[in-house]
Amino acid sequence: MSKPRVLLLCGGESGEHEVSLSSARSVIAAVGERFAITPLVIDKAGRLLPPDSSLEALGAGRAEAGAGSLRLGQLANGNGRSDSFDVVFPLLHGPNGEDGTVQGLLELLDLPYVGSGVLGSAVGMDKLMMKSVFAAEGLPQVDYRGITRSRWHGDRAAVLDSLDLPWPLFVKPANLGSSVGIAKARDREQLEAALDDAFRFDRRVIVEQGVDGARELEVGVLGNDDARVSPVGEIRFQSEFYDYGTKYTEGRSQLSIPAQVPARVAERCQRIALRAFGAIDAAGLARVDFFYLEQEDRLLLNEINTMPGFTVTSMYPKLWEAAGLSYADLVARLVELA
């Protein structure tokens, strides 16, 4: 039998462009002999590079704007279907990739693809909508408030007065990942500066109550309606919080799998992770992140990530490696699920 044909979409317009390309290189290195993989890179202007240019961009680790010549719609032939690929792996992080937009296009083209559908991707990407869904499901999470850019620009003082949450506060753009645009504020002046910065990235911003001293736990979910969970992992770091530089600079964070927590805490993490996965109608894969307040024995759901970082050293593949599933077998399983 011929090898399954996989179209690997990577790059994209978001601030996680380079992370996506790094993940794509890891996938190709691991399963390039098992699948017939065609990498196509989306440059920073949202244009799809031809195959030769895509290979060059993968080698360089980035694709600046200006070189693209294809459109995603060209993946389909005149009948609205593609005969070139069996599965699409949209290994894209952030806006215009992980938020349901590309997933909607692939639905229109009738192409099977790895990961959540339009609804799960959109809800998982938008932190305010995600938290609303989690609240409706009765899942434990930190207190938060949502603010729009127009409201902020209309009456800054009133917005600051309305944020009646204990310090410190975390300010996050509603629709970005990898801690882009996130800041920690310990007083009103820092909060104002953090909001100004966050609104550069999104018209909607979330302000969360901080949880100083919390341990950060993560669980991988794999499957569709019959999803299963990985062991619980923990991330440790010395920085103020788990920011972009800490995440992607070697040696600035440490992964511990399994996390050294009581069995009942790990089981609670896994149960909540499956509930969160089902609540947003996720599919294929997700990483679910938690805060654990050890002295209070409280577990708080932080967020769900429907297309987590996927390099060989990323937490999601490492969690499944600890469960006995190799990186290559994990990719193969995701293709089967698609």
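Predicted model: local features only at pLDDT ≥ 70, side-chain atom pairs only at ≥ 80, totals over all residues.
Strand β1 and helix α12 each supply at least two residues of the lining of the second largest cavity.

The lining consists of V6, L8, V27, F35, I37, F89, V331 and V335. By class that gives eight nonpolar residues, with no polar and no charged ones. The space inside comes to about 40 Å³.

Now the strands. Three of them form an open sheet in the order β2-β1-β3, and the pairing is parallel. At the edges are β2, residues 36-42, and β3, residues 87-90, each of which pairs on one side only. Direction ignored, neighbouring strands in this sheet are turned by 20 degrees against each other on average. As a reminder, strands of a sheet pair through backbone hydrogen bonds, either parallel or antiparallel.

Strand β1 covers residues 5-11 and is joined to β3 by four bridges. L8 stands opposite F89 in β3, and both L8 and F89 are among the residues lining the second largest cavity. Helix α2, residues 51-60, packs on the sheet and touches β1 and β2. The direction of α2 makes about 80 degrees with that of β2.

Next, the helices α1 and α12. Helix α1 is residues 17-31 and helix α12 is residues 327-337; their axes lie 9 Å apart, at an angle of about 100 degrees. Angles of 65 to 115 degrees count as roughly perpendicular, so α1 is roughly perpendicular to α12. Which residues make the contact? From α1 they are S23, S26, V27, A30 and V31, and from α12 they are Y327, A328 and V331. Six of the contact residues are nonpolar, two are polar and none is charged.

How many cavities of 30 Å³ or more does a search of the whole structure find? It finds two.

One last point on strand β3, which spans residues 87-90.

Definitions and conventions: Residues numbered from 1 in each chain as written. Heavy atoms only, no water. Axes fitted to C-alpha atoms, helices over the stretch in contact; angles between N-to-C directions. Parallel < 35°, antiparallel > 145°, perpendicular 65-115°, else oblique. Contact = heavy atoms within 4.5 Å. Nonpolar A, V, L, I, M, F, W, Y, C, P; charged D, E, K, R; others polar. Pairing = 2+ DSSP bridges. 1 Å grid on protein atoms, 1.4 Å probe; cavity = no way out; pocket = protein on both sides within 12 Å on 5 of 7 lines; lining within 4 Å. Points joined across faces, edges and corners; volume = space filled by probe spheres on them.
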